[in-house]
Amino acid sequence: METNPPSFPKSRVRALPISPTTPSQTHKSQSCPLLLLFFLLINLTPTASLLNQIPNLDHLYSDHCNDVVPKSETHPKWFLTTLSVQDIGFHSSYFTGGDRFFIHTSGDDSKALIFRPNFVARTLKDGIFHVRGSMDLQFLLGDSTRRNLKLVNFRGHRFPVRWGVVRFRLDGYYSESDKKLCMIGKSRSMYNAGNFEPSVVLKLNYPKWSSIYGSLISGSLESVVSDKDDGENYFDAIRVLAFSVKHSYGYTFVGEDRMSSFPSSVESGESIGLRNLNDSNGGLCRLLGNRLERFELVYGSECGGGVNCNPLGGDVGYVPSSLVFYGTRCTEGRKMQMLLGFSNSSGDEFLRFPFVPSTTLIAEGEWDEKGNRLCAVACRILNFTESLTGALVGDCSTKLSLRFPVRLSLQNRSALVGQIWSDKKMSDSGYFSKIGFQGLSGWLVKLLGYKYEYSVTGNLRKTCVEKRAGKGKGKKYPEEYSSDMKFDMRVSNSRGQVAWGYSSPLFVDDDRIYGRRFWDKPQETEVPSRQKKSHSSPMNISYKLSFTRGAQFFHDVFPSKAELAAEGIYDTDYGNLCMIGCRHVSSKEQNSINKDMLDCSVKIDVHFPPLDTKDGQNVKGIIESMRNKSDPLYFDHIEFSSTSIYHNQAAASITRIDFEIVMVLISNTLICAFVGWQLYFVKKNPDVLPFTSLVMLTVLTLGYVIPLLFTFEAMLAPNQSKQSTFLGIGGWLQVNEVMVRLILLVTFILHLLLLQLTLSSRQGVNSQKSLMDSERKVLYATLTLYITGALITCSVHQWMSTHQKSYRPFHRNLRRVTNMWHLVHPQRSLWDDLKSYAGFILDGFLLPQILFNLFVNSGERALSCAFYFGTTMIRLLPHAYDLYRARAYTRKGVAAVVFFPKYLDIPLYMKRSLSSAMRNCEGHLP
């Protein structure tokens, strides 16, 4: 049966857009042979030269693998092979062992082993294939900290992800008849791992049939050294269990007879059909194929009363709270194979499916056109022990059904709902009662035509209208459809505890907003309706507010799930948003989560500042309970404020940064011109050279060589956090960085030349001793002043740090949040203050020359007017611009590029400022 091959993890390489212009037939006839020749050269080139040779490969293979898969010579037509790299590769796997490679891990669900074959060749012996590839042994480290966004295009995962990786280069042979693979390899520690790099042997056993029962690959990764006394190269064997993604596959539990075994009353309510997503659009495959989704498990009220509701049994020691869904294979737009994983985590930290045998089910199913649902049968992984060699698929008594509801509401925010249950009798071992699951996916909301039903806006309209006293009338506020309605927020309670969150609109009237990026264009049918609705303020709107669980007070307000579902009305004339929210309240039973455990007596008031605000206003709001204080569900009010800026403010910040980058280039170019004019001046007046202060020239030269050293070091050994910023907007920023460095280099060379000419001019001067004595006095005087100023700077920094800590105890947390706050309110380090002081020394570069003139008592004009006046103006202009910027721009704007060598790392500072502006400009994914 023909199937669509599952795709491996996507590459980080971004493809360039192809021009939509269709080439002529003549152009096609000329380019196609060249392209064909190009690909033939790539495919026919021996890949052995592209890989580092494994030491003693032939000898090790003869000793460890030849009895498993005999070695054979490569066929002259090696590329004519029936074996695909995807037939033997895998990325969903589990392993035991490996402690020698890693020190700290987070648990079984944090392990992964990925096998990537990259070369398959036919050999002279039928059924034997030469295989090369790599295998990654990965651990999720347990001591990770919060990270910044990987890109600024969208909101990344809210939880830290730090992997330790050991990569093995492998070379060996595969037997088609025996379904065995044996390879010899060499390990290489990649990221956050130790330096243990032994030679290894990989042995894998592949399934002999292609069905749900033949879905497992087992094997081992062992050391080629068998003696445990050889502690330098030996490690205990790593046992591997993986999920097969072979091309050919035959469905077992799909068909009309299987569909009839599902009760028609499993799901209730109207559901969305897939007729609008037929084969041309992918159907079910487009919605769930090759996608990783996490759904919340909803236990019935009967659980805990003698009825088993734990799908994993009692041996795991916990009741799972979430279901991880991964569509591994999809065909014909309606048939699907999937992996189901149960987890006790409520976060979205899964970057890959947690393939743990005890918590994983392998399922396959088919879309039911009559019931508008997916019906599936799931099987467990049995007989897995520490060796994992006897693991098999069986016990296919678990059934699953899921659908896409037509309507969303305040009480039901699930874009997908379903149930999973056991088909066994209640008295049988392994039985569990029906468990519901649900989840809100931006991908599904974007593709399916959901409708939203508002329920409480009528009661709010009168209350919110009463607040429309003339304040704010006549000003322009964010439109309800704009990305400005999304914002990060800083949350605090009455006790001063601080946490963080994110809010995003779900629907505005009937138009979907959730999951839409700022570049997504509305449908043609939405444009006239939006234009008509935009004049009818206030408008109905629904929101999703998510919070971190870092602060202690969240456990009182959000004991079950740190998020709020809200709906209300937004008044664009006054910038007021009034909503009623629902929060999840956990029940007393550990394994009982009732559907009606929602507290919808929560009021949310939000006020948006005008779009043209200049005084640093931001979005402010309050969340409060409408219950009496004596009510057990009452909670103290929570205040929040946004830490994001408006779209137009971000765009203005980018424009301002563009201007400042140009000013960096112009100012440094002018400095080059002024130094060149000074060189021309001393060439025409060589007698004045000895009367130029060497201390002044040394200060100026160091002022340009230090930035060059820092930026050059940043290019050679870039900091990972800085390199994670967005750098993909046409490359113009990188070009300007190179230009800035190039001009700094030229300026440094010119200053160095001037310094060398001054030193040479004093060699034959009669009054050389008096000049050097005066120069020594200047050096002593300036060093005394500079050191005294540095000590004062350190003292002031220490006092300011102590003063800030006294009234900002949570300031340390500000730097961990992935938003604009760390640029708006940065906590300056001592190094930052010393860099600013160094800029102050450069501003007073004429001081050594003035002192030198006083000590020498000479009337010679050693500096040209253009040099000292022009350089002084260039040094003073940034300070004047800072005063102008403080008045002209809002305090919440992106930190500007302070041009001239006031900062030692201008290009990287420009990256941080620009990437922050772009991130606020582009908005976020929920």
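Predicted model: local features only at pLDDT ≥ 70, side-chain atom pairs only at ≥ 80, totals over all residues.
**Exercise 1. How many bridges join strand S12 to S13, and which way do the two strands run?**

Residues are numbered from 1 along each chain as its sequence is written, and side-chain values use heavy atoms, with hydrogens and water left out.

*Solution.* 
- Step 1: find S12 at residues 360–368; strands are DSSP runs (E, at least two residues), numbered from the N terminus.
- Step 2: read off the pairing. Eight bridges link S12 and S13, and the strands are antiparallel; two strands pair if DSSP finds at least two bridges between them.
- Step 3: widen the view. Eight strands close into an antiparallel barrel, ordered S9-S10-S11-S12-S13-S14-S16-S17. Neighbouring strands of this sheet are turned by 30° against each other on average, direction ignored, using axes fitted to C-alpha atoms.

**Exercise 2. Find where Asn 383 and Asp 395 lie, and give the phi of each.**

*Solution.* 
- Step 1: recall the background. Most residues other than glycine have a negative phi.
- Step 2: take Asn 383, in the loop between strand S13 (373–382) and strand S14 (392–403). Its phi is positive, about 55°, and Asn 383 is exposed at 51% relative accessible area (exposed is over 50%, buried under 20%, partly exposed in between; 1.4 Å probe, protein chains only).
- Step 3: take Asp 395, which sits in strand S14. Its phi is also positive, about 50°, and Asp 395 is partly exposed, at 27%.

**Exercise 3. Which residues of helix H18 are buried, and how are they arranged around the axis?**

*Solution.* 
- Step 1: locate H18 at residues 847–856; helices are DSSP runs (H or I, at least four residues).
- Step 2: list its buried residues: Pro 848, Gln 849, Leu 851 and Phe 852.
- Step 3: look down the axis. These buried residues fall within an arc of 165°, so they line one face of H18; the arc is that of the directions from the helix axis to the C-beta atoms.
- Step 4: recall the geometry. An α-helix has 3.6 residues a turn, so residues three or four places apart point the same way.

Technical notes:
Axes fitted to C-alpha atoms, helices over the stretch in contact; angles between N-to-C directions.
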